[in-house]
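New page in the notebook. I'm writing down what I looked up, in the order I looked.

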Amino acid sequence: MRTMTGSNTVTEVPSLEPTRDVRAVKIGKEFDHVDTDRDNITSLEDWDEFVDYMCSQFDVDSGSPAGLRLHESVRRRWQAVTRSVQGQDDHKLTRGEYVSYFCETPPSACADLVLDHADAVFVLCDRDADGHLNRQEFVALLRAYGVREAELAETMNRIGLRDGRVLSKARYADLAMNFCFSTDALTPGSWLMGRV
Ligand SMILES: [Ca+2]
Ligand SMILES: [Ca+2]
């Protein structure tokens, strides 16, 4: 922010808002859903428990096709990140490693992981299997991600789910890509887990 002083010189005033790396904030938020004890360290067990948690939120058996699909996707993500970030696998994945992987890997090299996960989440959430997420199905996903009730309405509007609109699988995939790669906190995909 700039301000004029009495002598007509321009002085730089530090912004009160610290600069935030929007992508790091979003990706860190994603990690925090898995790291339930918030010590910034996860094990493979945490990621498996995340799958069980997500399945329970949709009343889906973790051994069902949708549960197994999500499990496969989460394992794939775990393997890609741990193999890439660490020289040797210490069976731990830290918040910093996870955020760095997605922020520093070229999108062309990690888009497959993002799209694979988006597909698995979509299959889990599309309870009536009509190929679209309706408002009720998407709200269930937001709640599973811990989005506060007070934020639900704004999040739905930002995502574009109002007046009976639904999300196609392709649209959900676009939103997931924006969640991971956009630096704009206000773009619809950045709201996939609520306010950034
Ligand atoms: Ca932990
Ligand atoms: Ca549906």
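Confidence came before anything else, since this is a predicted model. I found an average pLDDT of 90 for the chain, with 88% of the residues scoring at least 70. Then I checked residues 1-7, where the pLDDT is below 50. In the model that stretch still has 8 contacts beyond near neighbours in sequence.

Next, the overall layout. I counted off 8 helices and 6 strands. Reading along the sequence, I got the pattern β-β-α-β-α-α-β-α-α-β-α-α-β-α. I also looked up burial: 26% of the 196 residues count as buried. As for contacts with a separation of 6 or more, residues 24 or more positions apart account for 56% of them.

Then I picked helix 8, which runs over residues 169-181. I noted 13 residues and a reach of 18 Å from first C-alpha to last, close to the 18 Å expected at 1.5 Å a residue.

Which residues of helix 8 are buried? I have Tyr172, Ala173, Leu175, Ala176, Phe179 and Cys180 down as buried. They sit on the same side of helix 8, because they cover an arc of only 160° around the axis.

Last entry: what do the buried residues of helix 8 pack against? Among the helices I listed helix 1 (22-34), helix 4 (95-104), helix 5 (107-125) and helix 7 (149-159). Strand 5 (132-133) and strand 6 (167-168) are on the list of packing partners too.

Technical notes
Residues are numbered from 1 along each chain as its sequence is written. Chains are lettered from A and ligands numbered from 1 in the order in which they are written. This is a predicted model: local features need pLDDT of at least 70, side-chain atom pairs count only at pLDDT 80 or more; totals for chains, interfaces and linings use all residues. pLDDT is the predictor's confidence in each residue, from 0 to 100. Two residues are in contact if their C-beta atoms, placed from the backbone, lie within 7 Å. Helices (H or I, at least four residues) and strands (E, at least two) are DSSP runs, numbered from the N terminus. The expected span of a helix is 1.5 Å times one less than its number of residues. A residue is buried if 20 or more other C-beta atoms lie within 10 Å of its own, exposed if 12 or fewer, and partly exposed in between; C-beta atoms are placed from the backbone. The arc is that of the directions from the helix axis to the C-beta atoms.
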